[in-house]
Amino acid sequence: MIELVDVSKHFGSLQALKNINLKIPSGQKIVIIGPSGSGKSTLIRCINMLEKPSSGQVIVDGVDLTAHRAPVAKVRQSVAMVFQQFNLYPHKTVLENVSLAPIVVKGVPKAEATESAMKYLERVGIKGHADKYPAQLSGGQQQRVAIARALNMHPKVMLFDEPTSALDPEMIQEVLEVIIDLATGGITMVVVTHEMGFAKEAADRVVFIDEGQILEDGTPEHFFEAPQHDRTKLFLSKILR
């Protein structure tokens, strides 16, 4: 479903990614872990071309997004992203926030998009808040609205860029439980997170990145119980105290 081939990314003199090679089969749940500034968010943003690689190829669902005149906008319709910030329209209700993109981007009839939006709001546990505005919701509820909005595009791939980092500690679990529930379905998921418990519970595969390079790539059991790289061992020794 996703393939990165020798992907590098420079921001001026800073090289954020260094020859990243990564294949993610359809339906796989992959968690990307690493210290701050390691390149995690840059990597996930390259998958849907929010960041354009300086070199290398990004192939999603058989389409090389780095090719000249690649249909990036069309592929993005099937690659949904949930950010650290919720990015909801403050002047629109929860239901309007969730139903808008299918109507505007895909031309879905309003009644159909609204019906589908209600289904996903129920799935993430906030159907009863459909007529409220974002400011009336907690951070955890707003992030669940953002997840429902992403799902309402019926994506093949879900990207999560540290989806709990902007939340108060007591709200983190409610959002993680929604994502864990999604992980039981057949959707391909890539999650950048610092939540080690989530990685153990929901991931098929854990990738550890540091200084723009993939240092470890394996099952959660491999990553947490038998890491091979000294940098991985040091990272885990600090974060799992």
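In the predicted model, four strands are arranged as an open sheet in the order S2-S1-S4-S5, with antiparallel pairing. The edges of this sheet are formed by strand S2 (14-24) and strand S5 (63-64); each has a single partner strand, so one side of each is left without a neighbour in the sheet. Strands of a sheet pair through backbone hydrogen bonds, in either a parallel or an antiparallel manner. Here, S1 and S2 run antiparallel and are joined by seven bridges. Within this pairing, Ile2 is placed opposite Ile24 in S2. Helix H1 packs on the sheet and touches S1, S2 and S4. The direction of H1 makes an angle of about 55° with that of S2.

Salt bridges were examined next. Nine salt bridges were counted in the model. One of them is formed by Glu51 and Lys9, whose closest N and O atoms are 3.9 Å apart. This pair connects distant parts of the chain, as Glu51 is located in the loop between helix H1 (40-47) and strand S4 (55-60), whereas Lys9 belongs to strand S1 (residues 2-11), and 42 residues separate the two. Both partners fall under the 20% limit for buried residues: Glu51 is buried at 18% relative accessibility, and Lys9 is buried with a relative accessible area of 11%.

Glu51 also forms a salt bridge with Arg45, in which the closest N and O atoms are 3.7 Å apart. Arg45 has a relative accessible area of 25% and is therefore classed as partly exposed.

With regard to accessibility, Arg231 is partly exposed, its relative accessible area being 25%, whereas Asp210 is buried, with a relative accessible area of 11%.

The surroundings of Leu159 were then considered. Leu159 is part of strand S7 (residues 157-161) and is buried, with a relative accessibility of 0%. When residues up to four places away in sequence are not counted, the contacts of Leu159 comprise Ile44, Ile47, Asn48, Val79, Ala80, Met81, Val82 and Val190. Ile44 and Ile47, both touched by Leu159, fall within the range of helix H1 (40-47). Between Leu159 and Pro53, the separation is 106 residues in sequence and 17 Å in space, taken from C-alpha to C-alpha.

Rolling a probe the size of a water molecule over the atoms shows where empty space is left. One cavity of 30 Å³ or more was found. The largest cavity holds about 30 Å³ of space, and its lining consists of Ile47, Asn48, Leu65, Val72, Val75, Arg76 and Val79. Helix H2 (residues 72-76) supplies the largest share of this lining, namely three residues.

Key:
Residues are numbered from 1 along each chain as its sequence is written. This is a predicted model: local features need pLDDT of at least 70, side-chain atom pairs count only at pLDDT 80 or more; totals for chains, interfaces and linings use all residues. Side-chain values use heavy atoms; hydrogens and water are left out. A salt bridge is a side-chain nitrogen of Lys or Arg within 4 Å of a carboxyl oxygen of Asp or Glu. Buried means under 20% relative accessible area, exposed over 50%, partly exposed in between (1.4 Å probe, protein chains only). Two strands pair if DSSP finds at least two bridges between them. Contact means heavy atoms within 4.5 Å. Axes are lines fitted to C-alpha atoms, for helices over the stretch in contact, and angles run from 0 to 180 degrees between N-to-C directions. On a 1 Å grid over the protein atoms alone, a cavity is a set of points where a 1.4 Å probe fits but cannot get out, and a pocket is an open set with protein on both sides within 12 Å along at least five of seven lines; lining residues have an atom within 4 Å of a point. Grid points are joined across faces, edges and corners, and a volume is the space filled by probe spheres set on the points.
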